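Me: Please take me through the assignments in this model and set each one against its definition.

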Amino acid sequence: MNPYYWESQHGNFGDDLNLWLWDFLLPGFRDVHPEVLLVGVGTVLNTALLPADGRKLVLGSGYGYGALPDMADRTTWDVRCVRGPLTAERAGLPADMGIVDPAVMVADMPEFKTLPKLHRKSFVPHWETATAGIWSTICETVGLHYIDPRGDAKEVIKAIAQSETIIAESMHGAILADAFRVPWVAVTTSQSINSFKWNDWAKTVGVSYSPRRVPVSTRAEAVLKGARFWGVDFKDDGIPSAAAPSGLSNDGGPLVATAERQQTKLRGAAKQALALPSVLALWQASRAEPQLSVDHVLADRKARLLAVMDDVRRDYF
């Protein structure tokens, strides 16, 4: 088998962990049934992503975008479990097949056990947020450790495990935090956040998804997300829907695809000043009451997933 995963050109640890998680859960899976595609962690049950031809083994994948594939043909689709009850319902599967996101099993890997706590509170943004914002600078201001979700998946996960509290815009930031028994607070910088996939997972472990709103940090981020920045609404094409105030036009910097271009000291200071609403909101989120699933609920979901793995080994190995 070969593992399928959605590959971001920028990198995204929640998808990238498919490259090695399945070697832990199903050792030797790469050596059997080369015609089968293992569809695992990620919101990838989408006709635009998965190939129409060939056999697919679905283990914990979720729906959330685009058109859901017709998985009724059992000669092509072997669906053993999906991420949660919302995906199961949408796919016409029994609710009990919505077990949990397989990423929770990362916490059982020996290399992630007994890691020392190094960070009191950390922020894990969505990868798009990391691409266009100045969140590492904001984290320095409010006393948070910044975890870039575009980094090496194992290093990102270690940083999550080594934190005492996680502020998560990234869904897998929250999933991994919960798996490592690290309390977490959900935030969002976009009104168009996909709450379906968050609630799909949340229902499996008995937590709630009520994210705290944090404004975008730069005009570039607003352009990327079609969001509002200092009273200006930006369309998807980067054109403001209303005339920008002259102060914003001069101080906000040019429209750019990322926040990584070198800035002059003056422009950098102006951008930090314009990000003050983001600073305040993230500071408030870092002081909100975090949540965590109940130990026995998470343990039960993991046990059910392991039972599915046992069945897969019996049928494919």
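Me: What joins strand β3 to β4, and how do the two run?

Reply: Strand β3 (residues 55-61) is joined to β4 by 5 bridges, and the two run parallel. Pairing requires that DSSP finds at least two bridges between two strands, so β3 and β4, with 5 bridges, count as paired. L57 stands opposite D78 in β4. The model is predicted: local features need pLDDT of at least 70, side-chain atom pairs count only at pLDDT 80 or more, and totals for chains, interfaces and linings use all residues. Residues are numbered from 1 along each chain as its sequence is written, and side-chain values use heavy atoms, with hydrogens and water left out.

Me: Why do β1 and β4 stand at the edges?

Reply: The open sheet has 4 strands in the order β1-β2-β3-β4, with parallel pairing. β1 (2-4) and β4 (77-82) each have a single partner strand, so one side of each is left without a neighbour in the sheet. Strands here are DSSP runs (E, at least two residues), and helices are runs of H or I with at least four residues, both numbered from the N terminus.

Me: What makes helix α13 a helix that packs on the sheet?

Reply: Helix α13 (residues 295-316) touches β2 (36-39), β3 and β4, where contact means heavy atoms within 4.5 Å. The direction of α13 makes about 160° with that of β4; axes are lines fitted to C-alpha atoms, for helices over the stretch in contact, and angles run from 0 to 180 degrees between N-to-C directions.

Me: Why does H119 count as buried?

Reply: Buried means under 20% relative accessible area, exposed over 50%, and partly exposed in between (1.4 Å probe, protein chains only). H119 has 17% relative accessibility and therefore counts as buried. H119 lies in strand β5 (residues 119-124), and, leaving aside neighbours within four places in sequence, is in contact with H145, A159, Q162, S163 and E164.
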